[in-house]
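Dear colleague,

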Amino acid sequence: MTALDRFQTYNYDPLNPNKSIPLTPIDRVSKEVARQLYREMVRLRRMEEALIREYHPADEIRCPSHFCVGQEVAPATLSLLLGPQDYLFSHHRSHGFYLSKVHGMKGLFAELYGKETGSNGGKAGSQDISEHSSRFYSGAILAGAVPIAAGAAWGIRNRNEKNCAITATGEAATDEGVYWETLNYAALKKLPIVFICENNFYSTYSPQNKRSSSLNISERVQAFGMPVKAFFGNDVVLAYQE
């Protein structure tokens, strides 16, 4: 079995834990796309593992850091799909999304270590790191980046540009009223914006079923008249196609 073959070894339905569903076959995309997706996911995983090893033992990282191990699919997919003029607004687990827009690691590493050569001069740290020249922004916890992304989308529409804004959050952001207010406004004004929700079913230590009567966020989104697609977050081929 090759590394690429492992793309399709397992899958499950998080809303029905006892139900297994097959991953999208890897041959649904070209070999070059498959290699690029795999390379981006491995690059992100190795980077995070390296930072985790240094986080407390060396104690030289100058800021709280939230890692995205196990959530490599969304940023890896975006790294192939986003254009340079698109805006990307990330949550505080931002390292993967940073790489999907900025690509290079030097500014990220320097920022985490509090160096002047960091993307924000060592002053923003992991949670609020941004790269204006690449149109990447993170932070504004919790769900605060969502309305900011809608503002960027409003500007795109007013300027008659062809790019778009993307906002990525965890499912805990949907516990905030501003998330739904922004979604409603975006649907009403038909803004060029994409909302990505990475649902890992936990807000810190609080499971989703202790915070919400329904685990199916997509059903709530549909009530606003916005098109929505929900799928297993580690199905990288399906994520790329959708």
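A salt bridge is taken here as a side-chain nitrogen of Lys or Arg within 4 Å of a carboxyl oxygen of Asp or Glu. With that criterion, a search of the whole structure, which is a predicted model, returns seven salt bridges. Side chains of opposite charge can pair when their charged atoms come close.

Glu 171 counts as buried because its relative accessibility is 2%, under the 20% limit, whereas Arg 211, at 23%, counts as partly exposed. Both residues also belong to a network of salt bridges that includes Asp 175.

A second pair is formed by Lys 229 and Glu 242, whose closest N and O atoms are likewise 2.7 Å apart. Here too distant parts of the chain are linked, with Lys 229 in the loop between α7 and α8 and Glu 242 in the segment after α8, 13 residues apart. Lys 229 has a relative accessibility of 59% and therefore counts as exposed, while Glu 242, at 46%, counts as partly exposed.

The side chains of Arg 159 and Glu 161 form a further salt bridge, at 2.8 Å from N to O. Arg 159 is partly exposed, at 45% relative accessibility, and Glu 161 is partly exposed as well, at 31%.

Turning to the strands, β3 (residues 165–170) is mostly covered, in that five of its six residues are buried. Strand β1 (residues 87–90) runs parallel to β3 and is joined to it by three bridges, with Tyr 87 standing opposite Ala 165. Strand β4 (residues 193–198) pairs with β3 in the parallel sense as well, over six bridges, and Ala 165 stands opposite Ile 193 in that pairing. Together with helix α6 (residues 177–189), β3 and β4 make a right-handed β-α-β unit.

Finally, a note on Leu 81, which lies in helix α2 (residues 73–81) and counts as partly exposed because its relative accessibility is 46%.

With kind regards

Methods: Residues are numbered from 1 along each chain as its sequence is written. This is a predicted model: local features need pLDDT of at least 70, side-chain atom pairs count only at pLDDT 80 or more; totals for chains, interfaces and linings use all residues. Side-chain values use heavy atoms; hydrogens and water are left out. Helices (H or I, at least four residues) and strands (E, at least two) are DSSP runs, numbered from the N terminus. Buried means under 20% relative accessible area, exposed over 50%, partly exposed in between (1.4 Å probe, protein chains only). Two strands pair if DSSP finds at least two bridges between them. A crossover is right-handed if, with the strands pointing away from the viewer, the path from the first strand over the helix to the second runs clockwise.
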